[in-house]
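Here are a few friendly notes to read with the model open beside you. Take the points one at a time and find each spot as you go.

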Amino acid sequence: MSKYFSEKFSGIAPYVPGEQPKNKLIKLNTNESPFPPSPLAMRLARQAVGNLQLYSDPNNTSLKAAAAEVWGIEPNQILFTNGSDEGLNFAVAAYCDSKTKAVFADVTYGFYPVFCNYNRVPYVEIPLKEDFTIDVDAFCKEEGTVLLANPNAQTGVYLPLAEVEKIVASNPNRVVVIDEAYIDFAEESAVKLLPKYENLLVVGTFSKSRSLAGARLGYVIGAPALLADINALIFCTNPFNVNPMTEAAGVGALLDTTYFQGNCEKIKENRAYLTRELERLGFTTLPSAANFVLTRHPEIEGAKLYAQLKEKGILVRHFAMPRISAYIRITIGSKEELTTLVEELEKLL
Ligand SMILES: *Cc1c(COP(=O)(O)O)cnc(C)c1O
């Protein structure tokens, strides 16, 4: 850092994204989709290129209309962000301060503490239970703004909606943010709870199930009053946070429901295949409702397995964190990618 860097950022620890290698590797490390964007998304994005001399629509009218149609919500119950990370950061900025801390699990999305440090707000981490499920009672008791990834990041474990509701209902005087980055590979979305709770925000992304990680498109669904808070912060920083190509691609990805559902089904099938094969090879895998699995082998440490697979051209993710350092996280890729992975694992063992 330079000597000019503001003191308010001294000691800041930025998020470390998974590797994005340029050479040919089987890439199972950052939970992207193995499938290309929907053909409709690509066609609409190409058309939008011709209008790039204009600023984007700061209200994302076409995206809101498409989302309202496909998800059965009102256009004023959703707003769009530059990836869901932007929405999460604004939620921390909007609903946390020196008196209202953020509350999240000890094993979850690594960006949460980064957002807290960036916004200079305190946070508490609630340990997952021994079986890596969310400690719902502890979340209900703890005061502060809740950030809950469901299915949870790194573990893939899904918390049933009735349990999520307990946390939302436990304290109407605080905001509960449910991060549903992986919900399309799981069961019910917390969007269902919206009519009952004015303190609920549901954040989602087009990066995983809709094959648009590079386009940067996320959304926040909630009561219009909460969305007005987030929107104010968007308009304090960048009202044009969703560019026209991304808006068009997002509309295509939403309207092409057949393509979307087909891909989600394939990921779930491939997840079942990989889980079975891992079990056959002696791995212990957490029950995943996401497009990745967290798994470990009794004989090889996570860090070693990661390094050995990388040598074979297969990239997975390893987290040097106390509770999950024995594990590796494997993104659910295409059937071909997973077959190659299983063959390599068989050789390694
Ligand atoms: C991938 C991910 C996101 C962020 O996705 P964007 O690409 O910023 O939309 C948010 N939360 C969790 C838990 C994720 O895994």
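1. Start with Arg 210, which lies over the face of Phe 260, at 3.8 Å from the ring centre. Keep in mind as you look that this is a predicted model.

2. Next, the aromatic rings. The structure holds 16 aromatic pairs. One of them joins Phe 5 and Phe 9, whose rings are stacked, with 5.7 Å centre to centre and 25° between the planes. Is each of these two buried or partly exposed? Phe 5 is partly exposed, because its relative accessible area is 37%. Phe 9 is buried, because its value is 17%, under the 20% cut-off.

3. There is also an aromatic cluster to find: Tyr 15, Phe 104, Tyr 109, Phe 111, Tyr 112, Phe 115 and Tyr 123 form it together.

4. Now look at strand E5, residues 145-149, where five of five residues are buried. Both faces are covered: Thr 145, Leu 147 and Ala 149 are buried on one side, and Val 146 and Leu 148 on the other.

5. Which strands pair with E5? Strand E3 (residues 102-105) runs parallel to E5 and is joined to it by two bridges; here Val 103 stands opposite Val 146. Strand E6 (residues 176-179) is also parallel to E5, with four bridges between them, and Ile 178 in E6 is the bridge partner of Leu 148.

6. Finally, trace the path from E5 through helix H6 (residues 161-170) to E6: together they make a right-handed β-α-β unit.

Conventions: Residues numbered from 1 in each chain as written. Predicted model: local features only at pLDDT ≥ 70, side-chain atom pairs only at ≥ 80, totals over all residues. Heavy atoms only, no water. Buried < 20%, exposed > 50% of the residue type's maximum accessible area, 1.4 Å probe, protein only. Pairing = 2+ DSSP bridges. Right-handed = clockwise from strand over helix to strand, strands pointing away. Phe/Tyr/Trp six-rings, centres within 6.5 Å; stacked < 30°, edge-to-face > 60°. Lys NZ or Arg CZ within 6 Å of the ring centre and 35° of its normal.
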